[in-house]
Amino acid sequence: MADDHELIDLIYEAAIIPENWPSILERISTIAGCYGGTLFSMDTQQEVRHIVTEQYRDVMHIFVRDGWTRQNIRAERLAKIKYPGFVTDCDVISVEEMDAHPFYTELLRPNGGGWAIGTIIPVPSGDLLVFNLERRYAKGPIGKELCGRLDPLRPHLARAGLMSSRLRMERARAMVETLKQIGLPAAVLRKNGQVLATNDLFQLLSEQIATGAFDEISIKNLASDALMKQSLVRLAETRDNSEVKSIPIPAILDQPALVAHLIPIKGAAHDIFSRAFAILVITPLHAPTAPTEDVLNGLFDLSPAEVKVAQGIISGKTIDDVAAELQLSRETIRNQLKSVFAKTGTSRQAQLVGLLATRFPR
């Protein structure tokens with residue numbers, strides 16, 4: 001149809017400008033006699049990211065919030081048949097099954113849905129892109145003829161999705177290469193710690209940071225590795241793009257101590273085409289003395305009193321030395337040191353020194 005030429009142009013435009021996808025979904029929904037829909041991506045860990053039309057927003061919010069990915073009989077059946085076109089509920093699920101399945105009886109029908117037409121498109125990243133258009137239950141099933149109406153659009157939707165995935169991956173690589181130009185090792189990570197891209201400088205850190213099975217990053221120092229994994233989890237839970245997590249990595253052999261800065265990628269929570277979640281930027285601690293107050297405060301949110309205690313211990317002083325220098329009781333210094341241990345993820349003075357004191361070859 002003549003109108004499809006304009007729509008196809010808009011689909012390719014949305015591949016570059018993701019903010020345009022909701023209007024594309026609105027137009028395709030209208031063609032299918034639906035009230036709204038969503039385009040979402042799902043990875044092997046069943047993490048879902050989505051773009052949604054305004055009227056379908058509440059349903060999709062409940063879908064993600066309440067973990068309905070595990071009971072999504074639609075996507076499960078659609079993935080099994082691997083059909084390269086649009087299908088309706090009735091093509092893969094019997095009406096009797098719908099009437100008995102909680103996905104329909106507890107999620108869709110009570111929230112204004114119940115009949116759908118959609119398609120699944122695999123992309124090279126390993127994710128699945130799912131187009132789902134929803135019709136209100138009271139309007140009755142979607143006719144098979146509408147699949148034929150939408151099928152000519154599917155190759156364009158697939159190419160647009162593939163184009164977006166490649167553009168996002170190239171953008172991630174460009175980020176780490178830019179950091180390389182100013183001398184910073186860096187890697188792009190997905191939410192589970194899998195490495196998506198690195199620069200050459202990052203690969204030189206293999207004695208302290210390793211990439212293991214399934215490209216999952218790990219820090220060889222166990223305490224630092226635990227802090228990094230905790231930071232990834234916290235960033236995923238809070239989706240706080242203003243927060244930067246910093247992880248100290250102790251010196252090893254002739255390699256200096258490092259600080260790994262875990263920086264969330266702005267907008268990653270809403271970008272369904274890219275698995276890039278954060279950039280890990282590495283900076284070395286070249287000074288052979290204890291880190292400055294700014295470094296300790298920035299890394300661990302230590303109070304001014306805790307900073308002084310930490311600096312004293314890292315410099316080789318005993319608790320008694322620090323107490324005498326600061327004119328405080330030994331018990332006060334011990335309590336402040338306990339707080340430093342808690343904030344740095346250490347439990348002994350030797351661990352604290354090993355975590356932050358830089359050693360150089362002699």
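User: Which residue of E4 does Val 87 stand opposite, and what makes E3 and E4 count as paired strands?

Analyst: In this predicted model, Val 87 stands opposite Gly 118 of E4. Strand E4, residues 114-122, and E3 are joined in the antiparallel sense over two bridges; since pairing asks for at least two bridges between two strands, E3 and E4 count as paired.

User: Why is E3 called an edge strand?

Analyst: The five strands form an open sheet in the order E2-E1-E5-E4-E3, with antiparallel pairing. Strand E3 (87-88) pairs on one side only, as does strand E2 (48-52), and these are the edge strands.

User: Which helices lie across this sheet's strands, and at what angles do they run?

Analyst: Helix H2, residues 21-31, lies across E1 (36-42), E2 and E5, and runs at about 125° to E1. Helix H9, residues 154-181, lies across E4 and E5, at about 55° to E4.

User: How do you know whether Glu 134 is buried or exposed?

Analyst: Glu 134 has a relative accessible area of 0%; the term buried applies under 20%, so Glu 134 is buried. Glu 134 belongs to strand E5, residues 128-136, and, leaving aside neighbours within four places in sequence, is in contact with residues including Cys 34, Tyr 35, Tyr 56, Arg 74, Leu 108 and Trp 115.

User: Why is H13 called roughly perpendicular to H15?

Analyst: Helix H13 (residues 304-314) and helix H15 (residues 330-344) pack at an angle of about 90°, with their axes 9 Å apart. Angles of 65 to 115 degrees count as roughly perpendicular, and therefore H13 is roughly perpendicular to H15. On the H13 side the contact is made by Ala 305, Glu 306, Val 309, Ala 310 and Ile 313, while H15 contributes Ile 333, Gln 336, Leu 337, Ser 339, Val 340 and Lys 343.

Definitions and conventions:
Residues numbered from 1 in each chain as written. Predicted model: local features only at pLDDT ≥ 70, side-chain atom pairs only at ≥ 80, totals over all residues. Heavy atoms only, no water. Helix = DSSP H or I, 4+ residues; strand = E, 2+ residues; numbered from the N terminus. Buried < 20%, exposed > 50% of the residue type's maximum accessible area, 1.4 Å probe, protein only. Contact = heavy atoms within 4.5 Å. Axes fitted to C-alpha atoms, helices over the stretch in contact; angles between N-to-C directions. Parallel < 35°, antiparallel > 145°, perpendicular 65-115°, else oblique.
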